[in-house]
Amino acid sequence: MAWKDDYQRWKDFKELDPDLRQQLDELSSDEAHLEEAFYQPLTFGTGGMRGELGPGINRMNIYTIRKAAEGLAKYIENQGEEAKKQGVVVAHDSRHQSPEFSLEVAKVMGAHGIKTYLFTSLRPTPVLSFSVRHLGTAAGVVITASHNPPEYNGFKVYNEDGGQIPPAQAESIVEEVNAVENELAIDIVEQSELEEKGWLQWMDDAVDEAYLSHLKSMTLNPDVIQSQADDLKIVFTPLHGTAYQFVKDGLDQLGFQQVTIVEEQAKPDPEFSTVDSPNPEEHQAFTLAIEYGKKENADILIGTDPDADRLGVAVRGSDGEYTVLSGNQLGSLMLDYILANKTPLPDNGMMIKTIVTSELGRAVASHYGVDTLDTLTGFKFIGEKIREFEKTGAHQFLFGYEESYGYLISDFARDKDAVQAAMMAAELAAYWKSKGKTLFDALEEIYQRHGYYLEDLHSITLKGISGTEQIEQMMSDFREHPLEKAGDLKVEAVEDYATSKRTYLADDHVETIDLPKSNVVKFLLDDDCWCCLRPSGTEPKIKFYFGVKGKTREESEKRLEQVKDAVLKRV
């Protein structure tokens, strides 16, 4: 078995990191675990890589980090001497080994004569995105596994525009990463020499201050904020991650006076010990925030994931209980507020969303005369379009979002930005409070204007080799035997993004989908309803997305249940 050769190579490597040596020795009698760790190299995909910590070529450790950094360094070298001089900026989150991994990136870059800007402490992912643009570097790296469980970490790459690398660039970097034959034999330069030669520059607060200045410039109604600053009560939790200081300072500079921090979750904690999952998409992550909210009688609860690129919001209803808004709901509220208050709107304005994001956003944008552009799932595609708009002048970016709690209000960053979104959520709540309304009231107005759009997501986690095979089998089954009906709703068309074909079932008419190829299948149903299957690119999961529209909430709830039942009974 090939995996045993790699295991033996690691075992025989005399200079193996002592901690990894100990872990490897502890696994010596667990062949199944060893096979998982060595059966294939950790996949470096379109945005980087993510995996469980531990020894092995299929795990996150200093050697797989070096391999990824080596591939990126070779890619930068291929761009020429100017790119090498521009250098790389590296940030990290609060996870296990994140600071150490970020320094490993600098050690590899130094071996290629590439300068690295390194933050002295943890920073949000969107601040890294901003830093690339602010410093004018050739690339950026953030060491993070976002909202994954504590045993994970990751390596995410950003291009010279501050966006996650799009497919064309990713392919070039992946080729260089895959060309590294031995991750144990990569040349590095130690920290002292890096500092001596000027190849490593530690970052001060200058970038932070520039980011906060841009943050303040997003405000649409400063007078409304000032009128509600003493009354609007906000509870904020960074969920043990990177957003604490930036959200706190951002709200403070806008003038919000009544901000309470969830103290138990304020400090970085790689174990995320107060939550089952550090993900604001999971409602349990708001348990402590809700306790604080009830005690403070707060109007709005705000939570960011560990690397601060996703934002969740909970709102108090008329019964005094808090409900977590979905990403689709919050995105629609933000979009409606921005388009209603950003005057004058440009004639060529564009809102961008993903193919699995609610169609309510399109309806809201259309109401204000703004076009909508769909992209594949992943904010890198939204960032790519913003850059394209800048170059061509064809459109002006107004807002971008995805259903998984990712939003971008202003393009000074080029990735989803929970710090920006926290500012906008607070302003949104202040605006509607000034009118004697809650965000629930505002959402109901949107539904009454455009129809009751409801969405849901069902994920199935399938780990390991067998899990990967099961996910592939599910996708094949739905492709070979397409859904034809879901309750009372007929399937009008099937979109297969792997083949870039949209097939209408009534007459077999085929259209080309003008998006990059991706392992996604989407079924378009009657009356603006739909469902979609997509394997996760960052976790061992397959995701089932559902979206419906009805004239009433009751009709939409019934349709949503029918579509979910029809799909999940097939699984």
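This is a predicted model: local features need pLDDT of at least 70, side-chain atom pairs count only at pLDDT 80 or more; totals for chains, interfaces and linings use all residues.

1. Residues are numbered from 1 along each chain as its sequence is written, and side-chain values use heavy atoms, without hydrogens and water.

2. Helix H12 covers residues 244–254; helices (H or I, at least four residues) and strands (E, at least two) are DSSP runs, numbered from the N terminus. Its buried residues are Phe-246, Val-247, Gly-250, Leu-251 and Leu-254, buried meaning under 20% relative accessible area with a 1.4 Å probe, protein chains only. Seen down the axis of H12, these residues fall within an arc of 120°, so they line one face of the helix; the arc is that of the directions from the helix axis to the C-beta atoms.

3. Among the elements that cover the buried residues of H12 are helix H7 (125–135), strand E7 (233–237) and helix H17 (418–434). Gly-255, which follows H12, has a positive phi near 110°.

4. His-240, in the loop between E7 and H12, has a positive phi near 65°. At 1% relative accessibility, His-240 counts as buried.

5. Phe-272 lies in the loop between E8 and helix H13 (287–296). Its phi is positive, about 45°, and at 1% relative accessibility Phe-272 counts as buried.

6. The peptide bond from Thr-343 to Pro-344 is cis, with omega near -5°. Most peptide bonds are trans.

Methods. Buried means under 20% relative accessible area, exposed over 50%, partly exposed in between (1.4 Å probe, protein chains only). Contact means heavy atoms within 4.5 Å.
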